[in-house]
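Let's take a friendly walk through this structure together. Have the sequence and the model open as you read.

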Amino acid sequence: KPMFTVGRRADNDIVVPEATASGQHAQLRWPNATWSVEDLGSTNGSEILDDTGEGSLLAKGSRVRLEDGSRVRIGNRSFTVATVRGQG
């Protein structure tokens, strides 16, 4: 099961160079071909953004499944989950 840590520290798999991101902020997982995110007790929290940009705060320690097109905010940065399919 691939797992990736996300945060400000250089030893994370995905580094977010932002003072509002915790050293080790969140974890992304890819179990059963579906992405999920878990806040690791960050100071500023993690959010799932809706279509209007409004955020729903993740409860610390809870894992949330991400659909294709889901947007996640970590500190002042956000990213979108998207499936890239090969050509041919």
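What follows covers a sheet and then some charged side chains.

Before we start, please keep in mind that this is a predicted model, in which local features need pLDDT of at least 70, side-chain atom pairs count only at pLDDT 80 or more, and totals for chains, interfaces and linings use all residues. Residues are numbered from 1 along each chain as its sequence is written, and side-chain values use heavy atoms, with hydrogens and water left out.

Let's begin with the sheet. Four strands form an open sheet in the order E6-E5-E8-E9, and their pairing is antiparallel. Strands here are DSSP runs (E, at least two residues), numbered from the N terminus, and two of them pair if DSSP finds at least two bridges between them. At the edges sit strand E6 (55-57) and strand E9 (77-80), each of which pairs on one side only. On average, neighbouring strands of this sheet are turned by 30° against each other, direction ignored; the axes behind such an angle are lines fitted to C-alpha atoms, and angles run from 0 to 180 degrees between N-to-C directions.

Now look at one pair of neighbours. Strand E8 (residues 71-74) runs antiparallel to E9, and four bridges join the two.

The structure holds six salt bridges, each being a side-chain nitrogen of Lys or Arg within 4 Å of a carboxyl oxygen of Asp or Glu. In one of them, Arg73 meets Glu47, with the closest N and O atoms 3.2 Å apart. This pair links distant parts of the chain, since Arg73 lies in strand E8 and Glu47 in strand E5 (residues 46-49), 26 residues apart. Arg73 is partly exposed, with a relative accessible area of 27%; partly exposed falls between buried (under 20%) and exposed (over 50%), using a 1.4 Å probe and protein chains only.

Which residues are linked in a network of salt bridges? They are Arg29, Glu38 and Arg63. Glu38 meets Arg29 at 3.6 Å, N to O, and Glu38 meets Arg63 at 3.8 Å, N to O. Glu38 belongs to strand E4 (residues 36-39) and Arg63 to strand E7 (residues 63-65), so this second pair links distant parts of the chain, 25 residues apart. Glu38 is buried, at 12% relative accessible area, whereas Arg63 counts as partly exposed at 47%.
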